[in-house]
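This briefing goes through one structure by topic. It begins with a single residue and moves on to sheets, the ligand shell and a helix pair.

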Amino acid sequence: MAGEILLVREVNKGFGGILALDRCSIAVDQGEIVGLIGPNGAGKSTLFDIISGFVQPDAGSIAFRGEEIVGLPAHRIARMGLVRTFQIPRALMRMTVLENMMLGAQGQTGERAIASIIRRHRVEDEESIIRKKAEEILKFFDLLPMKDQYGGSLSGGQKKMLEMARALMADPRLLLLDEPFAGVNPALADRLIQQIKILKEKGLTIMIIEHAIPYVIALCDELYVLNKGSVLAHGRPEEVIADRRVFEAYLGEADDAQS
Ligand SMILES: Nc1ncnc2c1ncn2[C@@H]1O[C@H](COP(=O)(O)OP(=O)(O)OP(=O)(O)O)[C@@H](O)[C@H]1O
Ligand SMILES: [Mg+2]
């Protein structure tokens with residue numbers, strides 16, 4: 001259908017006895033910010049793992065820009081423009097912030113050793129282009145002053161920012177953010193909301209897993225609620241939040257925690 005950048009149909013995934021995803025279906029429209037909420041263990045991160053090709057589903061199909069991507073390796077999917085961040089940031093601690101960024105770039109001749117010998121000048125040009133791009137993105141996330149620091153020296157919030165900044169190096173069309181606000185202080189979170197809105201204005205489609213409802217309301221055009229691996233509700237954020245079943249799913253989580 002026109003307008004859809006991502007279509008997930010009836011995806012199943014079991015881990016041993018646990019059905020992490022149970023006939024999970026979602027659609028993401030081009031240019032929108034789509035939120036994904038749900039109790040702990042609902043299957044949100046697993047869905048991102050599967051969409052981005054890090055984990056294979058047991059069943060179901062996923063179309064990205066009309067093309068089936070189930071079975072493709074994660075790097076191919078990333079190259080098509082579908083890039084994700086991780087719930088736990090994966091910044092390389094003993095590399096500088098800038099080096100972390102350079103690793104996020106993909107598809108350049110600079111990556112390939114033989115090409116780099118044959119076309120030295122071109123590689124040098126490309127490297128300086130990539131470096132410039134890295135610095136621009138770091139500036140956008142207020143991280144430029146830290147570019148020569150080790151990844152490990154950043155605060156939890158800054159590591160989250162670096163994770164997003166690095167994902168942008170790959171020029172995504174669809175960006176999957178797994179809890180981008182977790183561990184980010186409120187001032188930094190407000191800034192991050194503005195930055196995510198700017199990315200949307202630039203045409204990026206974004207999916208966000210987030211527990212903090214105010215951030216979800218501030219950002220999302222559409223909201224999906226996962227519970228026990230299935231879509232419990234979806235629609236406009238205000239409507240979905242007001243849905244009694246959603247409230248009860250979270251209440252169920254609290255009950256489970258007590259028992
Ligand atoms: N690699 C794995 N091996 C075994 N079980 C897994 C694996 N990954 C996820 N699970 C299980 O699948 C279910 C869904 O987990 P998932 O991490 O997707 O939940 P989530 O919605 O992201 O939760 P949270 O909000 O806590 O991050 C959980 O029961 C989890 O224990
Ligand atoms: Mg998760």
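A residue counts as buried if 20 or more other C-beta atoms lie within 10 Å of its own, as exposed if 12 or fewer do, and as partly exposed in between. The model discussed here is predicted. Gly156 has 13 other C-beta atoms within 10 Å, so this residue is partly exposed.

**Gly156**
- Gly156 belongs to helix H6, which covers residues 156-168.
- Ala182 is 26 residues from Gly156 in sequence, and the C-alpha atoms of the two are 8.8 Å apart in space.

**Four-stranded sheet**
- Four strands form an open sheet in the order S2-S1-S4-S5, and their pairing is antiparallel.
- The edges are strand S2 (18-29) and strand S5 (67-68); each has a single partner strand, so one side of each has no neighbour in the sheet.
- Strand S1 (residues 4-15) and strand S4 (residues 59-64) run antiparallel and are joined by five bridges.
- Leu6 has Phe64 in S4 as its bridge partner.

**Hairpin of S9 and S10**
- Strand S9 (residues 222-227) runs antiparallel to strand S10 (residues 230-235), with five bridges between them.
- Asn227 is bridged to Ser230 in S10.
- Two residues lie between the strands of this hairpin, and Lys228 adopts a positive phi near 50°.

**Shell around ligand 1**
- Around ligand 1 are Phe15, Ile18, Ala20, Gly38, Asn40, Gly41, Ala42, Gly43, Lys44, Ser45, Thr46 and Gln87.
- S2 and helix H1 (44-51) are the elements that contribute two or more residues to this shell.
- H1 supplies the largest share, three residues.
- By class, the shell around ligand 1 holds four nonpolar residues, seven polar and one charged.

**Helices H3 and H6**
- Two packed helices are described by the distance between their axes and the angle between them.
- For helix H3 (residues 97-104) and H6, the axes come within 7 Å and cross at roughly 35°.
- The crossing of H3 with H6 is right-handed.
- On the H3 side the contact is made by Val97, Asn100, Met101 and Gly104, and on the H6 side by Leu162, Ala165, Arg166 and Ala167.
- Five nonpolar, two polar and one charged residues make up the contact of H3 with H6.

Note on methods. Residues numbered from 1 in each chain as written. Chains lettered and ligands numbered in written order. Predicted model: local features only at pLDDT ≥ 70, side-chain atom pairs only at ≥ 80, totals over all residues. Pairing = 2+ DSSP bridges. Near = placed C-beta within 6 Å. Nonpolar A, V, L, I, M, F, W, Y, C, P; charged D, E, K, R; others polar. Axes fitted to C-alpha atoms, helices over the stretch in contact; angles between N-to-C directions. Left-handed = near helix turned anticlockwise from the far one by under 90°. Contact = placed C-beta atoms within 7 Å.
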